[in-house]
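Thanks for coming. I have one structure today, and I will go through it piece by piece. Please have the sequence and the coordinates open while I talk.

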Amino acid sequence: MNFAIWSIKNPIPPILLFILLTFAGLYGFGRFTIQDLPDIDFPQIEVSLSLPGAAPSQLETELARKVEDSIAAISGVKHISTSITEGSVRMAISFDLEKDISDALIETKDAIDRIRPDLPTDLEAPAVSAARIDGDALMTYAVSSAKLNEEALSWFIDDTLSKRFMSIDGVGKVGRAGGVTREVRVEVDPVKLASLNVTAADVSKAIKQVQMESSGGRGYIGQAEQSVRTIAVAAMAKDLNALPIALPDGGHIRLDQVATVHDTHARRTEAVLLNGEASVAFQIYGAKGANEVQIAEDAAQTIKTLKEKYPDLTITPIVNTVTYTLEQYEGLMHMLYEGAILAVIVVGFILRDWRATLISATALPLSIIPTFGIMYWLGYSLNTLTLLALAVVVGILIDDAIVEIENIVRHKHMGKSILEATKDAVNEIALPVISTTLTIVVVFLPTSLMSGVIGLLFKQFGWTVVISVLMSLMVARLITPLMAVYFLKEDTRHHYQKDGFIIKAYLGVAQWCLAHRKETLVMATIFFGLSLFMATRLPAGFIPPSDQGYTNLSIELPPGSTLENTVSTAETVRKSVEKIKGIENIFTVVGAAGENGADEVSAGAVCKGSLILTFLPKKERPPQNVINSEIRNTLMDIPGAKFALKNDEPGESFSILLAGENREALTGTAAALEKELRGLKTIFNVNSSAGRQRPEINIHPDFTRAAELGITTESIADTVRIATSGDFDPYLSKLNLDNRQLYVRVHMAEDGLQDIDTLSNLRIPTRLGQTALSSIASITANTGASQIDRYDRRPYITLSADLGGTPLGLAMDEAMALPSIKNKPSAVQLIETGDSEMMGDLFSVFSIAMLTGVLCVFCVLVLLFKDFFQPVTILSALPLSFGGSMIALWMVNAQISLPALIGIIILMGIVTKNSILLVEYAIIGMKERGLSCADAMIDACHKRARPIVMTTVSTIVGMLPIALGIGSDASFRQPLAIAVIGGLISSTALSLLIVPVVFTYVNMAELWFARRIRKKI
């Protein structure tokens, strides 16, 4: 059935169809979620195990290995990444993408429950959860108050602000950074305790046993039933002073006789500063699938309401990643508008008929707006990739309409009526229009169905292109002919169009190529060979680094450094970099600030810190890579700390992971490799996770002496732990306030822990009384691992560095050529992870997608042309586009990366389209008009050169704003557009000359093959 002819005879159904599709598109567009990137639902489970006070080496042996072995038996486990720090084991278990997240969660919990009896008895309840928070914090704000002190402000954030922001739809979590947590500290005097034969552990347990509230029992007084509740809690911290503490001899003392009670805050392990001033901050995280822009708008309104209610409150925005998302959204929308307008202008300039131009231009809104409706129905969002898909195909969407209307106008100029010209033109052009659309569809379908993380990321991109192109085909076959019949001006005069200089020159060159076919093919082969050579010279990368308006500078001091030391170093760094042009604010986080968050703003230990450097608007500062370069130069003058400059975005960092059970071989290889990496000029700030040794005080009990006195190792550990840092949180007594509970923590004053003799003189309970710790144990100063990292149940060491604009592929090639890598021991394995693993997957899946796309295009062409030979002619244009892309990327000093590969895939569809237009018309000339092969091809070049050039120029002009990088950060989309434009220029110029030559050879081969078959028959 010919839908074009049917639509002309029945105009109401197609008009009604597109009215409904347009309304559906407008409805979906108004309800889209706006995001930076599409949601990627990784089946990843996070496990958190806590054994407070335990050393990393102890946790690795008693906890991590056992849990890893149990989890590894679960089906579908891909990787297990473990990080072990003091008192904590954190695991990230990633599963195959096909694994259902609910099944993974249940099976992980079961795996841990199975071995629970083999784990330490004082292990806190394991926390097992699916990763629900979507990446980094969306927004970070610093808070200050003219009325509230630091403790009150911290509680205000935890209680009031968190509740307000958690009520916003789409917010996954609100976390505090900096500040302090209120706590009742009972600081015992070790001398007084010793004189009374009481230990800090006795005091802590006594408070827990006395200071408590318990329910139980029933009463029936007055013929009514009552519940019985025992209440023995202090109303205020000062009431604890009179609390009686039982003595071993049966007597008791008041708590204030051996300790001082302070209503204060917990030991400070974090610090937050804004431009050098102490501050408290909070971070807002989005749930998966949340509308980031809507969260930002609701958060701004909530802040406005809070400021009205609490005028003393000052809330300063630090980092807002939604701003970047919104800039990308607005920039891509502008690119879409600008590309569409420019494409229409080009069509109007070539056609020189405003009616025909308007008909062609109608294809754009009628293709794009209904696409929005289908995207919304599929659950897609407006993100960088879906909008980029529409922006890059805006020139393609108008192509079918251009080809149709150009052919209609050409037939009208033959003296035909509008109706007759339209019918003849749409029938003549039906096969090439359908073929070109289906080739683009089958080129992008493999992209939509790619495997792995890359496939998940680009699923929405590929399907958006497919849907929009199919919509453009519907417009071309249903609406364009209809509008041409009722809108084009009737003119039955015969218009003879004299060929211009350009078309005459082109036909002359085409005839020369047909007369010198061998020379032409040799030159084409040389061009393709040079293209392949140039491709090998271009550096490979993953994703170009972006300019997000801020950067994250992490610092790390040697383990054992105090919080004060780290803050001092961070301030030195701040004062050094704040003079760099373009930096607006510096937000400093030191210690465990925001430790429970998913953001790398969390430093995680008192020897670590992070400075978030926010920049001025782009028009008022140098590019981010220039600022980063100046920061690196400044850091070279600051000794005693490790630095890393990154936002944890792809394309910014470089890492090598070495794994092995032989620790000596592993650390030796890592040390040698670190030294060699520092000698490379292409990477900066080389860091190693090896050698993180922290100072320790080791207590080695004398088992014989301890047994004689009835002392167990457990009682020694409990006494020392409680005296130095307090008991585990679940075992602490609590002070009840109106709206919260405060821990009551017993330990010695910090001043008493400055001398190792204080620890030696700690009293340990025995069967007959007490004895000094030094009498039953030796106490030595030593070192131990501050952190142990494991990957797939093996210890590993990570060596990382800043790329600083260097292509990832180049950095990897230089690193792989180093002697330590080439000559590494067999016990040490090199594991690809992070960006390098993603880059490897990228080239692998895209290569498969390209080959699959070419095969699919061949199959479609065979079915449509009913011929196995001429599709080869059509596909001969593909190699000609490759060289143009490589030359264009080389000219702008770009790298072969993800966006460039996407551009090459887009080229495959567009270039094939040009060949189809030539070959299809040549076949018609040979079959219907009896022309020779050469004459038919020259006639096709004459008739089809104009629409080919029109569609090519409209596509190039449509992508021109993207290639120029106008507007918001175009670091990702610019290489894509450059690759497409370069490939289009070379392929269009060469395919108009090479395809005719290939056509004649293929035609000869087909005739020879047909003769051979006839002879055998």
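I will start with confidence, then take the sheets, and finish with the helices.

This is a predicted model. The mean pLDDT of the chain is 81, and 94% of its residues reach 70 or more. One stretch to set aside is residues 593-604, where pLDDT stays under 50. The model still gives that stretch 39 contacts beyond four places in sequence. Where pLDDT is low, the predicted coordinates should not be read in detail.

If you want a pair to find on screen, take Met139, whose bridge partner in β15 is Ile284.

Next, a sheet of six strands. This one is open and antiparallel too, with the order β14-β13-β18-β19-β17-β20. Leu274 has Phe587 in β18 as its bridge partner. Helix α18, residues 624-635, packs on this sheet and touches β17, β18, β19 and β20. The angle between the directions of α18 and β17 is about 20°.

Further along the chain, look at β30, residues 794-802. Strand β21, residues 653-659, pairs with β30 in the antiparallel sense over seven bridges, and Phe654 has Ala801 as its bridge partner there. Strand β22, residues 684-688, is also antiparallel to β30, over three bridges, with Asn687 opposite Ser800. Then there is β29, residues 788-791, which two bridges join to β30, again antiparallel. In that pair Tyr791 stands opposite Arg794. How many residues lie between the strands in the hairpin of β29 and β30? There are two residues, and Asp792 takes a positive phi near 50° in this hairpin.

Helix α10, residues 354-377, has 24 residues and reaches 36 Å from its first C-alpha to its last. After α10 comes Gly379, with a positive phi near 85°.

Helix α14, residues 452-487, contains Thr464. Is Thr464 buried or exposed? Its relative accessibility is 0%, so Thr464 counts as buried. Apart from neighbours within four places in sequence, Thr464 is in contact with Thr371, Met375, Tyr380, Thr386, Ala389 and Leu390.

The last helix is α16, residues 517-537. Its 21 residues should span 30 Å at 1.5 Å a residue, and its end C-alpha atoms are 30 Å apart, which agrees. Thr520, Ala524, Ser531 and Ala535 are buried in α16. Those residues cover an arc of only 55° around the axis, which puts them on the same side of α16. An α-helix has 3.6 residues a turn, so residues three or four places apart point the same way. On the other side of α16, the exposed residues are Lys518, Thr525, Ile526, Leu530, Phe533, Thr536 and Arg537.

I will end on Phe533, which lies in α16. Its relative accessible area is 52%, and the cut-off for exposed is over 50%, so Phe533 counts as exposed. Phe533 and Gly883 are 350 residues apart in sequence, and their C-alpha atoms are 9.5 Å apart in space.

That is the end of my tour; I will take questions now.

Notes: Residues numbered from 1 in each chain as written. Predicted model: local features only at pLDDT ≥ 70, side-chain atom pairs only at ≥ 80, totals over all residues. Heavy atoms only, no water. Helix = DSSP H or I, 4+ residues; strand = E, 2+ residues; numbered from the N terminus. Expected span 1.5 Å × (residues − 1). Buried < 20%, exposed > 50% of the residue type's maximum accessible area, 1.4 Å probe, protein only. Arc of directions from axis to C-beta. pLDDT = per-residue confidence, 0-100. Contact = heavy atoms within 4.5 Å. Pairing = 2+ DSSP bridges. Axes fitted to C-alpha atoms, helices over the stretch in contact; angles between N-to-C directions.
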